[in-house]
Amino acid sequence: MTATRPQPRKGVLQIDAYVPGKSSAPGVAKVFKLSSNETPLGPSPKAIAAYNTAGKHLEDYPDGAASDLRAAIGRAFGLDPDRIVCGAGSDDLLNLLARAYLADGDEAIHTTHGFLVYPIATLGTGATPVVAPEKNFTADVDEILQRVTPKTKMVFLANPNNPTGTYIPFDEVKRLHKGLPPHVLLVIDAAYAEYVRRNDYEAGIELAATSENVVMTRTFSKIHGLAALRLGWMFGPPHVIDAINRIRGPFNTNAPAIAAGIAAIEDTAHQERSREHNTKWLGWLTEEIGKLGLPVTPSVANFILIHFGDQKRAADANAFLMKRGLILRQVGAYKLPTALRMSVGTEEANRLVVQALAEFLGKAA
Ligand SMILES: Cc1ncc(COP(=O)(O)O)c(C=O)c1O
């Protein structure tokens, strides 16, 4: 039968639209937004200055190839800029990868608590998301490999993952890659790589540099503090870069974002300050919240997952914190309805959350 009105592609209406973290608490004057894994230190002052300068020339189109930014990223990481593509956040690049490599009838694997953009991007192409169970809130290579079928075209791995904060070591990523057929694209999403301080971790550069079927995506939204500007980048084999360059928006990164991104990536001292702040407070929060009797999943990123045991208790805790202007993230959409995710905040915010949780649990001093 002919449809009486335009119909979206198969899969589109199966998508649960992404719901971002809340940014306001009704009736509360001072809020602490700890719901979107932004950095409490903000961007480098040099990035803000570069953004302001670029803002004086808004009439000009940006350099659609983001050549200067790719060159700066190349210098920072020792990479060939020709193997880098920039995008409007790494979300843009994840969607472009799905659009380029998935079609009706294909399958793309992600893990149970994997970042929500993966199923959204997959369904948008008409392909089917396949969920691989995690163990201890951590991706499990065997579970992923067991789900590879002749229809599999892509595997999304967030390493570390959001919202769990867990990671798998480089040896495991290599084992995953080794187990995949050569035509399956392994997308390593390393949005939080800069925060990880583990000797057995590798962000994805090595595999993306040396294989034909691995790409790594990165973002300026987290440690660089430029989430508002929407800027991300991807490193991969030349044939994948070529495919993405053919389908990306011709100006998918804007001039102020490019300018700020260059300044941010060159300000390694600011990055180090952010990393140190995170390491200190990630450890402190994990310990203090643990002492209150709430299990916290060990995280290597800039957020923690706090477990409340049941859904009502998690919702009550969320409401209790919200009333005090402490905005955390409910993660039911990530199949974690009994937990809340908290981004590492300023010292003030971190202390207030621990204090409020103690009060919520009736354990306040
Ligand atoms: C795992 C992961 N990947 C990608 C992104 C998207 O980042 P961007 O702001 O670059 O689109 C996020 C943001 O929360 C994330 O948690």
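Start at Glu348, which counts as partly exposed at 41% relative accessibility. This is a predicted model.

Next, select Asp171 and Lys174. Their salt bridge has its closest N and O atoms 3.9 Å apart. Both are in helix 6 (residues 170-179), and because they are three residues apart, about one helical turn separates them. Asp171 is exposed, at 56% relative accessibility. Lys174 is partly exposed, at 35%.

Move to Glu194 and Arg218. Here the closest N and O atoms of the salt bridge are 3.3 Å apart. Glu194 lies in the loop between strand 6 (185-189) and helix 7 (205-210), while Arg218 is in strand 7 (residues 214-219), so the bridge ties together parts 24 residues apart in sequence. Both Glu194 and Arg218 are buried.

Now select Lys135, Asp140, Glu143 and Arg147. Salt bridges with shared partners join these four into one network. The structure holds 19 salt bridges.

Turn to the cavities. There are two of 30 Å³ or more. For the largest, select Thr39, Pro40, Leu41, Tyr195, Ser274, His277, Asn278 and Val344. They line about 40 Å³ of space. This lining has four nonpolar, four polar and no charged residues.

Last stop: the second largest cavity, about 30 Å³ in volume. Its lining includes Thr138, Leu157, Asn161 and Ile168. By class, the lining has five nonpolar, four polar and no charged residues.

Terms used:
Residues numbered from 1 in each chain as written. Predicted model: local features only at pLDDT ≥ 70, side-chain atom pairs only at ≥ 80, totals over all residues. Heavy atoms only, no water. 1 Å grid on protein atoms, 1.4 Å probe; cavity = no way out; pocket = protein on both sides within 12 Å on 5 of 7 lines; lining within 4 Å. Points joined across faces, edges and corners; volume = space filled by probe spheres on them. Nonpolar A, V, L, I, M, F, W, Y, C, P; charged D, E, K, R; others polar. Salt bridge = Lys/Arg side-chain N within 4 Å of Asp/Glu carboxyl O. Buried < 20%, exposed > 50% of the residue type's maximum accessible area, 1.4 Å probe, protein only. Helix = DSSP H or I, 4+ residues; strand = E, 2+ residues; numbered from the N terminus.
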